[in-house]
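Hi,

Have a look at it first, then read on.

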Amino acid sequence: MDFLSYDFLRRALSAAALAGPVCGFLGVFLTARGMAFFSDALAHTAITGVALGLLAEGAVEFWFGFALPPGLPSGLLILWCLGAAWLMASLFESARWRPDTVMAFCFTGSVAFGVLVLGKLGRYGFLEETLFGDINANSWGDVAVLGAVTMSAVIVLGRRLREFLLILLDEDLALADGIPVRRLNRILVLLVAAVVAIALKLLGALLVSALLVVPAAAARLVAPNLRLLLVFAGIGGFLGSVGGVILSFYLDLPTGPTIVLTQLALLLIALGLQPLLGHRRRSQSRGSAEATTSQSIWPSSESR
Amino acid sequence: MDFLSYDFLRRALSAAALAGPVCGFLGVFLTARGMAFFSDALAHTAITGVALGLLAEGAVEFWFGFALPPGLPSGLLILWCLGAAWLMASLFESARWRPDTVMAFCFTGSVAFGVLVLGKLGRYGFLEETLFGDINANSWGDVAVLGAVTMSAVIVLGRRLREFLLILLDEDLALADGIPVRRLNRILVLLVAAVVAIALKLLGALLVSALLVVPAAAARLVAPNLRLLLVFAGIGGFLGSVGGVILSFYLDLPTGPTIVLTQLALLLIALGLQPLLGHRRRSQSRGSAEATTSQSIWPSSESR
Amino acid sequence: MRNRYRILGAGFCVLLTWWAASSVGLADSLRPAHPFRVLTTIAPLYSFVKSIAGETVELANLLPQNADPHDYVLSPGDARRIAQADLIIRNGLGLEFFLEKALAEVDREKLLDASAGITPLPQWVSPGSPTGGSRAGEMPPNPHVWLDPVLAVVEVENIVRELCRRDTAKASNYRARGKLLVEELLRLDERYRHSLDPLPDKKMVSDHDAFAYLAERYGIQRVAILETRGHAGLSPKLVAWVLDSIVRNRVRALFSEVNHVSSELRSISRDSGVPIVLLDSMESGALRADLYERVAEANRQALVGAFQGDSSAHP
Amino acid sequence: MGPGSEQGSEGRSDAADVAIRRAASRPFLLRTEGIAAGYGDEAAFEEVSLEVFGREVVSLIGPNGAGKTTLLRCLAGILPLRQGRVEKAFGLRMSYLPQRLSFDRLLPVTVAEFLSLRLGRPFFRPGWAKQERVESLEELGVTSLLDRRLGELSGGERQRVFLAAALAKRPQLLLLDEPATGVDLLGAAAFDALLHRLRDRDGLGILLVSHDLHLVHHISDWVYFLNRRILASGPPKEVMREDQLAAAYQRFPHPG
Amino acid sequence: MGPGSEQGSEGRSDAADVAIRRAASRPFLLRTEGIAAGYGDEAAFEEVSLEVFGREVVSLIGPNGAGKTTLLRCLAGILPLRQGRVEKAFGLRMSYLPQRLSFDRLLPVTVAEFLSLRLGRPFFRPGWAKQERVESLEELGVTSLLDRRLGELSGGERQRVFLAAALAKRPQLLLLDEPATGVDLLGAAAFDALLHRLRDRDGLGILLVSHDLHLVHHISDWVYFLNRRILASGPPKEVMREDQLAAAYQRFPHPG
Ligand SMILES: Nc1ncnc2c1ncn2[C@@H]1O[C@H](COP(=O)(O)OP(=O)(O)OP(=O)(O)O)[C@@H](O)[C@H]1O
Ligand SMILES: Nc1ncnc2c1ncn2[C@@H]1O[C@H](COP(=O)(O)OP(=O)(O)OP(=O)(O)O)[C@@H](O)[C@H]1O
Ligand SMILES: [Mg+2]
Ligand SMILES: [Mg+2]
Ligand SMILES: [Zn+2]
């Protein structure tokens, strides 16, 4: 395989292979709660994060006389995203607004503030970088951080899957079953934030939400049940992002948009597959309808 | 007033005064249906619109040998936005996805496609323009188009307010009452699309959703009922956008972000006012609780 | 049973991930012998190298025609070209922001800043803004040095020196052709001087500060620059100040570039009645050896035309 | 008449008699002929033919999942028909109370505003609800809730509000899907009295879906028993005798 | 005993007697002491002190908006208390059935998956629900719904599923908020039988909120009458005599 001889492509592929499935999986949770734009909003708050980072850099240089390394380091960006996610999660719980409203004003507010500050500082370059990202410019260090985040996401989700899914179904029921809903919600949001903070470097704020939303949306088309929804979303995320990297190499296109368009192609394929699978689902539910009519008219009388 | 001597500022002020209240008003409908990001998604599809416009321009020049006026003309942009809104509205009705999921993949798909094409054409300048817009660069023609759209929005909403609000409350109930829910939903979506297409030139895709979402979110904080919610959202939209233009002149800041931050400042003021108004509301509902307890224990027995 | 397939599928994904991640350890591919590979970032540098080295080097340029260096995003092809290049020639002074990340992995030895040794001008700060004047010193440098033919000579000399050092076998060839190019550039400078010096009242309002060095060299006063690229709109105060300055200074032309005329400049042109004259910063020009001479000549004629006032659009 | 007017058994002339008397004395409102509808590819009900006249309460009973809600949604015009046709009296005004209510609980709609919207009263001056004494609002205890927000009502209060709004619309035909769900004892009694009054005084036709067979038996003029198809129909006294019902269930596991 | 054990009237020793006998013969599960909770600044209920023991059905009745649902939500741990305290038996396992069910109707969760999640069974192999014969699933007719999606059930079917899941959890204390809403006749009968069996055979304590006073009267061992405060409590035979109830309503319009 020709493209594997380039180190930057190996990095890009590893990053895509790590981020793709985890994002797809997390996306199921986000799309089921009307938070499809969460990643998007979070990614755009990074603009304000970058702006504040630059301000802080300037302040440190001014007051203490030494220069920080330029730009907001990855570590700080992750911290920023975690903080912003925490804040938004608190606002979600305030029950005055729907989550998407909260996200929308955090989104626009951050963009407005960030753009103002970056404009005053004359550092628009960072804006571009945050909006578009560059998967071909990441280092093995980034991949390692991504790997760590992915691992922790997998571990947390794996161990708490039942709880997370119950919360997804009905928060009240989950609370009554003694599940720490608030805590798990926060954990989920922070996981997404960490993944987004890193995916940001790969795809940029404008496209990162595709990684989370599109596989889940595609999986909804073909999954007959929740288990397969989760599995399909993970697989779709993997195929879309790894396939996107490979395609972008062979077609010599920017990688980020190619990944997104590959994911969307998967969505269209799922749309095409739907009639076939829909058929299976229909016959399934027809089966259960027969079961209903074959019992006596009051459904429960047979078992008495 | 110093700033009124500049023609471009008069234009900017008129545009803000027209777009602000209508966007605030429409925002109430969007935020109540989990469509806070609709304007955002729509605005970003404009990137693909611009890209296709450029492609078409190139094709025309190549095949027919004459050059079209550069850029996508306003008229075509509006048409594009209307088309995209129509498509999204059809997808909303498909009932496979939540609206925000639909918007998220339309959003990222358009950005990805647009960035790819604009990148290949080397016309990123249009991307900037679409993302950021500039209220100070509009012409009286733009203002006139905005005025026309605003007028039609006001007329449609004013005449059909009851229907629109019933649909907001419960679509099934509205359908049973003989309201053409589908048609009115489409009309609403198209109105938003037209307003967004024009607001795009003022604030750009990144910030346009603030015009729609923030006043409605702020109004929710202080409005004790639906009537005042609508009124406050309209007033908030007006104050925020006109105030933003004026502030941006005196503080020497870019206008778009300043409008958004002014709107957000109004939101914070509303948050501060909330305890006061909350007090009123409490005593109100305490009143009604007394009414409940002053009837006999079965609430309806008193009237029998 | 079906469940087992699902688990197998998931396991397959994990395996693929592992494979992709571990393929790092694969042996580096062997590099076959190849001609000297030079990579430039923008079209004017490409045109210089093409003039100096002709077909003797394998020359590539990063920025495709029409792309804007201020907000370019690298594609995997670009990353490959960077990885394969023996010498990367960039303009420097912050122009190639898009390269910073990618270059972090590249051997610094392979890199040449063509603008080395030039004292840069700071980026334009509007005197109209309250903090403007005091901040001039701390603004980042303006990278567009190549548009001044005299500074272009410095860049050409830098390139010739580096090529000779790296590719000693063809050094004399490079030096000879470099000399020709320098002479050509000096002739251009002469023509600029000849045609522009006699013209009075040379004032410039533009929406991209690409022509700062050129203006400095030939006595064109930059009245106002509305830097719109990558900006979230302008402050109305700045626009108002620009409008006032245009009237006060009797500016006779607004300058912009093909495909980059900002809507703000159009609006100002409409409001003030001052026409827009198109120049070319070559940033996104066609990849040809004679790009520089041709475009510089076209720019000269446009400038002369604008300042001679034969464009009778002035009110 | 036997439990089904569909079977051509010995009860034929008897059933026909009752049906003819029913039709003769009352204004025609709505008739369906062999309609079917459903979700996906599957029909929730099929071959349903029924009639509703003015000045009568027609009940639709049947087990969970029988298709009652689906049928009402079809008649209300929410769901499209698959087959058959619906014939309506000219200019028929209908009002529908859905089984599931869904709206944005955070939206600050007050009860008075909701009533204004639903009843087509002036939205920006909802004071009318307090001044005018609307019968159904008063009797269902909704007048004391007028300033409350719809989203913060208890389940039963909300049901009362929606029910009162549906009754207050004063249509010619009322479609009620489990209207008394979650409503307390006195609320249910008030509802019962209102139904009687709307039928007898105002001549409304009412199509009622309910699992409360006591209510159905006591209030209905005509009962349809639905389980994907109509298995039996007739006056409640005849259809709802316990032995008859049991027999009917045994006899028609697969209707048609 | 009179309709309220709260009043220190002539029935005092009688009421105390009954209460003592009740406590003596049954394991303690849960006791609240003067608790209050509500929304916003307002209390939905106040000064509520009640007890639930094992092997008994305790019913909570009261008008719409009385605070019954709010009280159950407090006991289930969903809503925080404002005042008072709740004492629970050590390691008490509770199961709650909410009055309003809300979930994403588009999410493709099957009934079997929901049951796996709710009952803590293996989520990726929901076949257990078909193989094992779980009593409450069978009797409430949920076994035939296992492959259906939760979002496409009818109202009554959905209520059956949630109810069956709550019962199948086999907790020590069941909190049921209007459990038989929308469930058809036979479903309600099955539910009734199940309640009896859970109480008598498995020794569960059950706190039931219902507007079906017939059911309450017939099944309860103890009844609390709530309208923001507890107005009366006692065995159903005593609290729910119609004259007594009516008297109680007249006597306590403003409790406390
Ligand atoms: N989310 C909420 N926000 C504000 N107030 C609420 C909310 N939910 C209920 N209330 C109010 O609290 C009071 C008690 O409500 P609750 O739901 O506990 O009543 P309930 O006894 O269960 O009534 P029902 O029999 O109708 O179910 C009512 O006045 C109700 O309007
Ligand atoms: N949105 C839906 N999508 C798919 N199937 C549905 C949907 N709603 C209902 N069904 C199915 O259609 C059939 C009829 O449902 P319907 O709601 O009409 O029953 P019902 O008679 O009203 O029952 P209940 O007494 O429980 O309210 C049921 O089998 C149900 O599972
Ligand atoms: Mg129903
Ligand atoms: Mg309740
Ligand atoms: Zn430039």
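Let me start with the ligand sites. By class, the shell around ligand 2 holds five nonpolar, 10 polar and five charged residues. The classes work like this: Ala, Val, Leu, Ile, Met, Phe, Trp, Tyr, Cys and Pro are nonpolar, Asp, Glu, Lys and Arg are charged, and the others, Gly among them, are polar.

Some housekeeping before the details: this is a predicted model, where local features need pLDDT of at least 70 and side-chain atom pairs count only at pLDDT 80 or more, while totals for chains, interfaces and linings use all residues. Residues are numbered from 1 along each chain as its sequence is written, chains are lettered from A and ligands numbered from 1 in the order in which they are written, and side-chain values use heavy atoms, with hydrogens and water left out.

**Ligand 2**

Which residues come closest to ligand 2? Of the 20 that surround it, they are Thr69(D), Thr70(D), Arg148(E), Ser154(E) and Gly156(E) (a residue is near if one of its heavy atoms lies within 4 Å of the molecule). Chains D and E both contribute residues around ligand 2, so the site is shared between chains.

For polar contacts (pairs of N or O atoms within 3.5 Å; within protein, one must be able to donate a hydrogen and the other to accept it, and residues adjacent in sequence count only if both atoms are side-chain atoms), the side chain of Ser154(E) puts a polar atom 2.6 Å from an oxygen atom of ligand 2. On the chain D side, a backbone N or O atom of Gly67(D) is 2.9 Å from an oxygen atom of ligand 2, and a polar backbone atom of Ala66(D) is 3.2 Å from an oxygen atom of this ligand. Taken alone, ligand 2 exposes 630 Å², and the protein buries 86% of that (Shrake-Rupley areas with a 1.4 Å probe; for residues, only the protein chains shown count as cover). The elements giving two or more residues to the shell are α2 (68-76) of chain D and α6 (155-168) of chain E. Helices here are DSSP runs (H or I, at least four residues), as are strands (E, at least two), numbered from the N terminus.

**Ligand 1**

Ligand 1 also has 20 residues around it, and Arg148(D), Ser154(D), Gly156(D), Thr69(E) and Thr70(E) come nearest. Its surroundings come from chains D and E, so this site is shared between chains too. The side chain of Glu157(D) has an N or O atom 2.9 Å from an oxygen atom of ligand 1. From chain E, a polar backbone atom of Gly67(E) is 2.9 Å from an oxygen atom of the ligand, and a polar side-chain atom of Gln99(E) is 3.1 Å from one. The protein covers 86% of the 630 Å² of accessible area that ligand 1 has on its own. At least two shell residues each come from α6 (155-168) of chain D and α2 (68-75) of chain E. The shell splits into five nonpolar, 10 polar and five charged residues.

**Confidence**

The predictor gives the complex an ipTM of 0.84 and a pTM of 0.86. Per residue, pLDDT is the predictor's confidence from 0 to 100.

- Chain A: the mean is 81, with 86% of residues at 70 or more. Over residues 279-304 of chain A the pLDDT is below 50, and this stretch has 54 contacts beyond near neighbours in sequence (contact means heavy atoms within 4.5 Å).
- Chain C: the average is 79, and 80% of the residues score at least 70.
- Chain D: the mean is 84, with 88% of residues reaching 70 or more. Residues 1-11 of chain D have pLDDT below 50.

Cheers
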